[in-house]
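Please keep the sequence and the structure at hand while reading.

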Amino acid sequence: MKKHMITLLALLTVLVTLVLSSFAVAEDWKVTGTILDEETKAPISGVVVKLEAAGRQAITDAQGAFTIVAQRGNQVLTIEKKGYQHKRVAINHQHELEISLRYMLPRREQPVVDDAMEEVEVLEEVVTMDMSHVRMDRMNASGIAHGKMYAPPHDVQYPNYNTEEYATIHENIFHTPQDEPLSTFSIDVDAASYSNMRRFVNQGQLPPKDAVRIEEMINYFNYAYHTPEDDKPLLVNTETIPAPWNPKHQLVQVGIKGKEIEKDQLPASNIVFLLDVSGSMNQPNKLPLLKSAYKMLVQQLRDEDRVAIVVYAGAAGMVLPSTSGEDKSTILKAIDELKAGGSTAGGAGIELAYKIAVDNFIEGGNNRVILATDGDFNTGASSNAQMERRIEQKREAGVCLTVLGVGMGNSKDSKMEILADKGNGNYAYIDTMKEAKKVLVSEFGGTLFTIAKDVKIQVEFNPAEVQAYRLIGYENRKLNKEDFNNDKKDAGELGAGHTVTALYEIIPVGVESSVLSVDPLKYQQTTPTKPGKSVGEWMTVKVRYKAPDGDKSELIAETITAKSAGFEKSTDNIRWSSTVAAFGMMLRQSEFAGDATYASVLDWAKEAKGTDEFGYRSEMIQLIEMAGLLQGEPVMNE
C-alpha cells in the first residue's frame, strides 16, 4: 500500500509539473477576430485594435481580420475607427472573435472620380481654398498648366480594398568562382522593407515574402564602423565569422561608412515637399501621420534652407512657394491646412515639384524633392516604366528624390522603390511617429544629404580558397560586371554618416555541401591552380563612387583573407547583421536558412544587441518573438 502511495505521489508530481510547464510555455496566445459593419455586415479594414494592458495593437486587413498576441487572463480590447462607434471588449480565453461596429455618420454613395472633380476658371494667380492659398494647376501629359482649379471632395467614404504591390524577389543562389568569379551590385541605403515588415508583425500578420528585402532589414540599423579620416567620403570595413545558421560556411561582412558631417556644416537645402492628398490618403496612418512627420523635419531647418510645398490629387498645385527655414510658422501653417480627397495624379505632381526645385536651385546645395504617398498613382502617367523614365530625366537637373511611403491596403511598394532608385535618392516607410523621427530627425544628414553617388561594389572571389559564394539580399540591385567600370551606369547614393552593409555566405574549398550538385564539366578545366601570391585570400572587394557633382568615379580596393573569428569573439556589427539576415530568411522561409529557428535567432539577437541607444534592436527582439508565434514556433524572451 505504501509503495502504491509513493508511486501515486510521483505521478501526481509529474502531472503537476507538466501542467505548470504548459502554462509557462503558453503564457502568450493569439487572439484573432473579424470586425464587421453592424448594418451591412461587410468587413472593415483599418480598424485599430488595442490590447489595453500590454499596449499592443493590430490593424484589420482588407477582410476585417486581425491577430494580436495577448497574455492569458482577463484582458480588454479597445476597437476604434473614425466614423464608427468605439468599443471595449473583454476577453479571457477566446481565440476567435466577431465584433460589429455601428457606423455613426450619414452614409454616402461612392463617388465616381470624374463626377467628383469640380473645375472652375482661375480668376487670379493665387486662389484661396480650404488649403490656404493653393494654386491648383491641371496639367496635360507634357506638364503644361491649363489654369484650372480642383476642389477635392471631403467626408466621402472610400472602399476598403487590399491592392498592395511588391516586386517579385528571386532569392540569390550559390555561384562558383569558376563560373562567375565576379559579383557586382549597387549599394542600397533604403530601409523601407524593415519598417513595413514591422507593421505587418505588429498587426498580427506575417509579411508577404516579396515584402521582405533582407538588405533593407540589415541596413535599417546603424553599425559602429570605422569612419574615413582622410579626404575620402567613405571607408570600407570587413569582418568574417562562421555563418550562425551553418557553421561549416563562412560569413563575410562588407560595411561602408560615410563621412560624418556636422549639421551646421551641411550645404544649404532647397527642398520641395510633394504630398499626396488624394482620397486614399484620408486615413489616420497616412496624411495626418505625414503632416506630423513633416513638422518634425521643419524644426530641423536652418535659416539658409528653403522649403516649398506641392500637393496633388486630381490635379497638382503649389500650396507654399519656396520659403526660408527662418519662417517656420508659415511653413507649419501650410502643412496644418492640408486635406485629402480625390483621385491621384502623381505624374503632374512630380512635374510641378521638380519645376519648383529647379527654379530655386542652389549651386553646391542639397536640391531635393521629398515625395510622401501611399504610392497609389491612378491618374495620368502611372506605369512603373513611365515613372522611371520621367524620374531619370529629372535627376539630370541635379535634383534628388526621397520617397516616404505610408499606409496599408493599397501601398505600392514596388513603384515607390523604383522612383527613389531612379531619382538618386532613398525610400523609407513611415508607420509610426517614432519611425518619422528616426528618418527625418535622428538620421537627418544621412536621409537628405548625399556625399557620394553611383556607389557600386564588385567582389572577385579566389577559386583556390572559395568553393562557392552567395550574396544575401540585393536581388533587385544586381549589376552586370561591365557596369562596374561604366561611369554612365546609375547606382545608389550614400548619405552623410550613413552605413551600408552587405553579407556574403562562403563555402570554403574542401567543405562538402548539398548546394553544389552540378555535374563536372566535360570540355573545360575546372580544377583551379593556386597562385602563390593569392594563398589565403578569399576575395577582393572594389568600390566605385563619384562626388555628388562629379562625373568620373574613384576606386577603392581591399583584399579579404581567410581569417575568421568565432561568433562570441566577433564584434556586435557582424553578429547583429548576421542575426538580422537570419530573421529575414526565416520570414522568407528561405531554403538557405540552414539550422536557424526563431528560437536560435532570438538567442543570437539577445547576445548581439550591444549598445541600443534608441531601442531599435530591442524592438526587433520583440518582433522575432511575435513572428515566431505567428509562424507556429512560439519562443519566449526571458
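## A salt bridge to begin with

Which side chain meets that of arginine 477 in a salt bridge? In this predicted model, the partner is aspartate 421, and the N to O distance of the pair is 3.2 Å.

## Other charged pairs

In the whole structure, a search finds 26 salt bridges. One of them joins arginine 213 to glutamate 417, with 3.5 Å between the closest N and O atoms. Because arginine 213 lies in the loop between α3 (192-202) and α4 (214-218), while glutamate 417 lies in helix α9 (residues 413-422), the pair ties together parts that are 204 residues apart in sequence. Arginine 213 and glutamate 417 are both buried.

A further salt bridge is formed by the side chains of lysine 257 and glutamate 260, at 2.9 Å from N to O. Lysine 257 is buried as well, with a relative accessible area of 8%.

How many residues does the largest nonpolar core have? It has 70, and those with the most contacts inside it are Phe273, Ile309, Leu404, Leu494, Tyr504, Met539 and Val543. Helix α5 (residues 287-298) supplies the largest share of this core, namely 8 residues. Apart from this core lies another one of 52 residues, which includes Tyr194, Tyr223, Trp245 and Met626.

When its neighbours within four places in sequence are left aside, the residues in contact with valine 543 include Leu234, Val236, Ile256, Val455, Phe484 and Ile556.

## Strand β24 and its partners

Strand β24 (residues 537-546) is mostly covered, since 7 of its 10 residues are buried. Strand β20 (residues 450-461) runs antiparallel to β24 and is joined to it by 7 bridges, and phenylalanine 461 stands opposite methionine 539 in β24. β24 also pairs with strand β25 (residues 554-561), again in the antiparallel sense, over 8 bridges; here glutamate 537 has threonine 561 in β25 as its bridge partner.

## An open sheet of four strands

An open sheet is formed by 4 strands in the order β12-β13-β23-β21, with antiparallel pairing. Its edges are β12 (234-243) and β21, each of which has a single partner strand, so one side of each is left without a neighbour in the sheet. On average, and with direction ignored, neighbouring strands of this sheet are turned by 25° against each other.

Within the sheet, 8 bridges join strand β13 (residues 246-258) to the antiparallel strand β23 (residues 499-508). Valine 252 has tyrosine 504 in β23 as its bridge partner, and Tyr504 is also among the residues with the most contacts inside the largest nonpolar core.

## Helix α14

Helix α14 (residues 616-630) has 15 residues and reaches 21 Å from its first C-alpha to its last, close to the 21 Å expected at 1.5 Å a residue. This helix is mostly covered, with 13 of its 15 residues buried, and it is followed by glycine 632, whose phi is positive, near 90°.

Conventions:
Residues are numbered from 1 along each chain as its sequence is written. This is a predicted model: local features need pLDDT of at least 70, side-chain atom pairs count only at pLDDT 80 or more; totals for chains, interfaces and linings use all residues. Side-chain values use heavy atoms; hydrogens and water are left out. A salt bridge is a side-chain nitrogen of Lys or Arg within 4 Å of a carboxyl oxygen of Asp or Glu. Helices (H or I, at least four residues) and strands (E, at least two) are DSSP runs, numbered from the N terminus. Buried means under 20% relative accessible area, exposed over 50%, partly exposed in between (1.4 Å probe, protein chains only). A nonpolar core is a set of buried Ala, Val, Leu, Ile, Met, Phe, Trp, Tyr and Cys residues joined through side-chain atoms within 4.5 Å. Contact means heavy atoms within 4.5 Å. Two strands pair if DSSP finds at least two bridges between them. The expected span of a helix is 1.5 Å times one less than its number of residues. Axes are lines fitted to C-alpha atoms, for helices over the stretch in contact, and angles run from 0 to 180 degrees between N-to-C directions.
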